[in-house]
Amino acid sequence: MWQPEGAHAELLRRSAEVDQIVITAFQQIRPPVTAVAVGGYGRRELFPYSDVDLLLLNAAPDETKEQRELISEFLRALWDAGLRVSQSVHTVEDCLELHQGNLELTISLLDHRFLAGDRARHGRLEAELPKFLHRERPTLMDQLCKMTRSRQSKFADTIYHLEPNVKEHPGALRDLHVIRWLATLRESPADYIPETAAELLYSIRIFLHRAMGRDANLLTFDLQEAISPEPAVWMREYYRSAREIWRAANQAMEASERRDLGLFSQFRDWRGRVSNSEFTVSRERVLLREPLELERDPEYPIRLMQFLARHNLRLARDTENRLMAALGGLWLNRQPSWPSLRALLALPHAAGALRVMHETGLLTRLIPEWTRIDCLVTRDFYHQYTVDEHTLVTLESLEELRDSKDPERQKLRTLLHETAAWETLRLALLLHDMGKGGGTGEHAAESVRHATIVMERLGVPPAERENVLFLIAHHLDLSGIMNSRDLNDPSTARYMAERIGTVERLRMLTLLTWADISAVNPAAMTPWRLEQLWLTYLTGYEEFTRELHTSRIREVCFTPEVSAFVEGFPTRYLNTHSEEDIRAHYILWNENRAAGMAIRIERSEGTWRMTVITSDRPFLLASLSGTLAAFGLNILKAEAFANSHGVILDTFAFADPHRTLELNASEVDRLRDTVRRAITGKVDVRKLLSGRRKAAIAGGAQIPASVAFNNEVSETCSLIEIVAVDRPGLLYDLTQVLSSAGLNIEVVLIDTEAHKAMDVFYVTHEGATVPLAMQPDIRRKLLEVCG
Amino acid sequence: MKKIEAVIQPHKLEDVKAALKAIGIDGMTITEVRGHGRQKGHKEIYRGMEYEVDLLPKMKIEMVVSTARSEEVVQTILTSARTGKIGDGKIFVYDVAEAIRIRNDERGEGAL
């Protein structure tokens, strides 16, 4: 039976019992040494089957044969009494020296206690030891920290093992001892010792020893079941204690480690230069300049996390303590705003910051639902971590993929570089397993339920919320498809297209699936699974590209008027636009019918949008993109579709890097007017652009331009995929080449990520695919304008 | 005793396992493998870049059964793994000299 209470008293009782045995044997045999209890026995923490650490102090190193006989007899008596004695014989002088490779001896002396023999000899040790420790403490602390870190890394540096070793693992008893030893060595007895957590570990280890009848320290699934009828629930208590010890141990080590004077420390000092008016960086750790801001400004902790996520840093011990002390009063009246949280999620090292938020309790403060999966155990054969740890590892996997040089992963890394929405992916990963711990089995649906509540509270705008919920709801789809569907069967591709809707979502889902599988255990993402996942992605991707041209909207349940408008647009139009968008477009269409064209320019969430509806004509797309470039605007995304009435719908999302439109309301009107004149051919776009032709390419972006023709996707239409370094006016130049070659642009998808433009054009030549003979010339011209 | 080794399409694994279970065979070793035979690899084009897919993901199932049952097992795998297309995979049958249970040194078919 596991006894949660009275563990420490039990250890004291056992130590006293052993004291009695040792002293009695000593008095009977009278060996020529002084018996001193050291190590665990010395600090009166003797577990039922632990070794009994004895230091035998002799007067001089070379005993006579008779003296040695007496010592042996004494030890035999202890063994016969059932004790497992682990003894060492030294002189006092011996103990006051550093022994290379025997740090354990010195460390064990930190807990020495007189048992029997010559009190004066022990008195000498007692008097001299503090001086010796004081003299050697930098070396001792350094070596102790090194030894501890090496032990922790042997166990993957995580406390979240499903079958933990309560003595050796990170966050277990050994770490607790390290905290105490370092406090003694640093001569600062006021250091924090997590006593409650310690008591729990004591009680578990006593139970393990009794249950196994030996010095057993592995808390196996079987023994977890023997402790509690609900082992998964009970284990959370273990992890919380382990976490507390782990953090305290790391803080103690951080405070004790010696400053290096080498190159690395110079680099670390250099990192100090990233310090700003709010935060100081010292030795890779962040300190607060204005700690009181923690209580005043709800955005302050988030800015602190952003700082970590931007520079890949950790918190200093003092910062961590202050943050944890402030937690209770944090965000009582006002939550941090979504834009600042989104900014945090979009930063390059967000995973590390989220881990810090998890460790300090900030994450639970922000998302109380996180407690559902905090330290939650998944008891199966392949999961190696608790659910919270798994979630954090998914986030880290994604960053690891980004930084990986592994050629096997190159393909998936391409997807990552094509995805602009890191914050969407990260938020989806953070919430994807929130429904676990409900016990219903259908955790994806349950996660969606919790995520909806969380995102509503955080103020996530509906469009982003919808994307995140989609990813969570479908997070098991791809692994299901790759394991149980024939990828060569066309119905699989159609099934995927229907379920997933757009290629952008497929891309994010593929990355999410990769991260999710990679975080099950370190060996789960095998090259085999990677290949399967990639083939699954390709199957879906090809279907989406094919259907972009071939699958047109035929029947939809709108009013007859709206139906007439959307008829003949690619099905993508329905998948990427909300009903509200469609209604707005319909109104524009009516405007177009009256005036020959309709233009809407608006701003939402930092990005400008222009929607143009008019009848198709040559060079139209070139004129529109050229006009935008001439205004110094930077096109981020564009789509051009035509419906069955020869009406085209062009949408552009663009950035306004010089804030021209934002600061001058009249410029919006001038832009609208110029677009109108460009469409009707009253203004020469080439002339407009001539003042702007300086290519403003940011340095360092090395992307080889590629142009690929594909006549396979459809019988009437050719696909041209272009990847190039983005620059102002690129789209204008590309469309200019296509139109000059007499090609008609049917569908366009333009996407940019950082400095990379990824453009897909569906073109026809006299109503059919582009003849092979024409292709080399067009490709050459396109490559020329790509630079 | 015969050792039966079948390389099949990944998506057929569940069907094959279920079919084998139905005739009372539930001990088997399953490995995720990659390889190519006549199906060869193929080229995939993604955004203008060519990717050689020369090793296709497959599943390998291995089991040892009594000689008397081996034909039945082969037939069961054949029917449950077949889609009729190139790439359905192959089955190999080997003679097994001895089977020994490590726990108690039991030998022969009793150890299966």
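Modeller: The C-alpha centres of domain 1 of chain A and domain 2 of chain A lie 27 Å apart. Domain bounds come from an automatic or database domain assignment. This is a predicted model, where local features need pLDDT of at least 70, side-chain atom pairs count only at pLDDT 80 or more, and totals for chains, interfaces and linings use all residues. Residues are numbered from 1 along each chain as its sequence is written, and chains are lettered from A and ligands numbered from 1 in the order in which they are written.

Biologist: How many residues does domain 2 of chain A bring to its contact with domain 1 of chain A?

Modeller: Two residues are in contact if their C-beta atoms, placed from the backbone, lie within 7 Å. Domain 1 of chain A gives 8 residues, and domain 2 of chain A gives 9 residues.

Biologist: Why is helix α34 of chain A largely enclosed by the rest of the structure?

Modeller: Helices are DSSP runs (H or I, at least four residues), numbered from the N terminus. A residue is buried if 20 or more other C-beta atoms, placed from the backbone, lie within 10 Å of its own. Helix α34 of chain A covers residues 730–740, and it is largely enclosed because buried residues number 9 of the 11. Among them are A:L730, A:Y732 and A:D733.

Biologist: In what order do the elements of chain B run?

Modeller: Chain B has 2 helices and 6 strands. Strands are DSSP runs of E, at least two residues. From the N terminus on, the order is β-α-β-β-β-β-α-β.

Biologist: What share of chain B is buried?

Modeller: Chain B holds 112 residues. The buried share is 18%.

Methods: Buried ≥ 20, exposed ≤ 12 C-beta atoms within 10 Å, placed from the backbone.
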